[in-house]
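Biologist: I would like to learn how to read the contacts in a model. Can we go through them one at a time?

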Amino acid sequence: MKPYWELTFDSDGDVDAAQRGRLLSGAERERVTDLLVFAHGWNNDLRTARDLYRRFYTPFARLAGTGVRLGYVGVLWPAIRFPDEPIPDFEPSATPRAATPAPAADPADPDDPDGAALDEATRHLLARVFSGPQDAARVDRLGLLLQERSEVRSRLDEFVRIVRDLVAVREPSPAHEFGHDIGGGEPAMLTDDAVEVCEVFLAMLENREGRQVLGGVPGRLWRGAKEVLRQATYYAMKRRAGAIGQVGLGPALGLLARDVPDLRVHLVGHSFGARLVSYAVHGMPAGVRCVKSVTLLQGAFSHYAFSARLPHDRSHGGALHGVPRRIDGPLVCCYSRHDDALGRLYPLASKLAGDSAGFLGLWERWGALGFDGIKAVDGAVGVRLGAALPARGCVSVDASAVVRRGGAPNGAHSDICHEELARAVCAAGRIALAAG
């Protein structure tokens, strides 16, 4: 995995200028022909992100053929993964110690029978990611409300209101413009009746078949309330990923194209990192053609994002409908039907307020491309993992055969460190494969 560089961005998309300078000079000095740029998803621990890059990049040196000089970039950006979620693609020893100062709440704990409490590790991460002047007090109050689990409705209303205040975006922030993939408006979880939102999330947590059973016991609704916090936080990270890609990584790619004009760039993104690299292409300066392939791994954004016309609203298209034309190669979406996080909870979190369709057709209208591939794009094709890829255009690759680890929420979603996926990146970028 050498030569390797990092690009670190803050929440507004500002890049570490010294790191960017080292990449620009180093790529030319090392005579790199093909540069792999990988953006992680919901994960704000540097050690975990670096270990992801190390493991994913490991096969590439032997997959690349003669005449290919690879370079590697790890994009670091401030996202968050709740500590009670598994990381199946890491050995236990690779799990970041600093991010887990206390164990997550045990659903079997008699003091927390529904697993609704906010453990200290999660409080610590929320405080790091949301660092506004009032955010520390908000996080403390959320923790207290989850600990009390009052059956008084006003306490649930207060909890959801604080969550909405926590993830709100200040007006000058560039993230304000990058929350939506298929139309404007806030997600229903940020606007609808607080108790009803908690009921919907509780029903989904307790019935992975998708059958909605509303009207939970008041005390147990706090489990749904904690899921509101989790999904609202992820919505904020999704919005942030778009801003960092558009105003941060996109312009950096423009500088690369200017300083190292023959460099071939291959973008890879996991989860919200897939959204980040897609918006990076959107944010490149006009005329830049350095990106030769984009590979999205379990992308956590709309399967209609690249559509010129939405099936349910032919007068509008997805927010990224022009992006495939800016790639001098294919846009590859690797998806898995085993990704329960994207297949069940993501559509609930994405549904817009005031959507007249209610929850009918929820997964078709609000689904994620990491669950069922790219939808409603003319000329898009679908292939099995390992099959030949087209030279251009959108292609969905069914990776369910390898991206499948389950047994816990988000298990399959993070199961991406497979040589088959590395080979897909190589095939997308027309990086000559070594024999075998």
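Biologist: Which residue forms a salt bridge with Arg 264, and how far apart are the closest N and O atoms?

Modeller: Some ground rules before that. This is a predicted model, where local features need pLDDT of at least 70, side-chain atom pairs count only at pLDDT 80 or more, and totals for chains, interfaces and linings use all residues. Residues are numbered from 1 along each chain as its sequence is written, and side-chain values use heavy atoms, with hydrogens and water left out.
Now the general idea. Side chains of opposite charge can pair when their charged atoms come close. A salt bridge needs a side-chain nitrogen of Lys or Arg within 4 Å of a carboxyl oxygen of Asp or Glu. The partner of Arg 264 is Asp 34, with the closest N and O atoms 2.3 Å apart.

Biologist: Where do Arg 264 and Asp 34 sit in the chain?

Modeller: In distant parts of it, 230 residues apart. Arg 264 is in strand β4 (residues 264–270), and Asp 34 is in strand β2 (residues 34–39). Helices (H or I, at least four residues) and strands (E, at least two) are DSSP runs, numbered from the N terminus.

Biologist: Is Asp 34 buried or exposed?

Modeller: Buried, at 4% relative accessibility. Buried means under 20% relative accessible area, exposed over 50%, and partly exposed in between, with a 1.4 Å probe and protein chains only. Arg 264 is partly exposed, at 24%.

Biologist: How many salt bridges does the structure hold?

Modeller: It holds 19. One of them pairs Asp 165 with Arg 161, at 3.6 Å from N to O. Both residues lie in helix α6 (residues 153–167), four residues apart, or about one turn of the helix. Asp 165 is partly exposed, at 32%. Arg 161 is also partly exposed, at 45%.

Biologist: What does Lys 238 form a salt bridge with?

Modeller: With Asp 181, the closest N and O atoms being 3.4 Å apart. That pair links distant parts of the chain: Lys 238 is in helix α8 and Asp 181 in the loop between α6 and α7, 57 residues apart. Lys 238 and Asp 181 are both buried.

Biologist: Next, helix packing. At what angle do the axes of α7 and α8 cross?

Modeller: Two packed helices are described by the angle between their axes and the distance between the axes. Axes are lines fitted to C-alpha atoms, for helices over the stretch in contact, and angles run from 0 to 180 degrees between N-to-C directions. The axes of α7 (residues 194–206) and α8 (residues 221–259) cross at roughly 95° and come within 7 Å. The two helices are therefore roughly perpendicular. The cut-offs are under 35 degrees for roughly parallel, over 145 for roughly antiparallel, 65 to 115 for roughly perpendicular, and oblique for the rest.

Biologist: Which residues of α8 and α10 make their contact?

Modeller: The axes of α8 and α10 (residues 340–350) come within 10 Å and cross at roughly 75°. Contact means heavy atoms within 4.5 Å. Glu 227, Gln 231 and Lys 238 of α8 meet Leu 345, Tyr 346, Ala 349 and Ser 350 of α10.

Biologist: Last, rings. Which residues form the aromatic cluster?

Modeller: Phe 38, Tyr 53, Phe 56, Tyr 57, Phe 60 and Tyr 72. Rings of Phe, Tyr and Trp (its six-membered ring) pair if their centres lie within 6.5 Å; planes under 30 degrees apart count as stacked, over 60 as edge-to-face and the rest as tilted. The count comes to 10 aromatic pairs. Tyr 57 and Phe 60 have ring centres 6.0 Å apart and planes at 75°, so they are edge-to-face.
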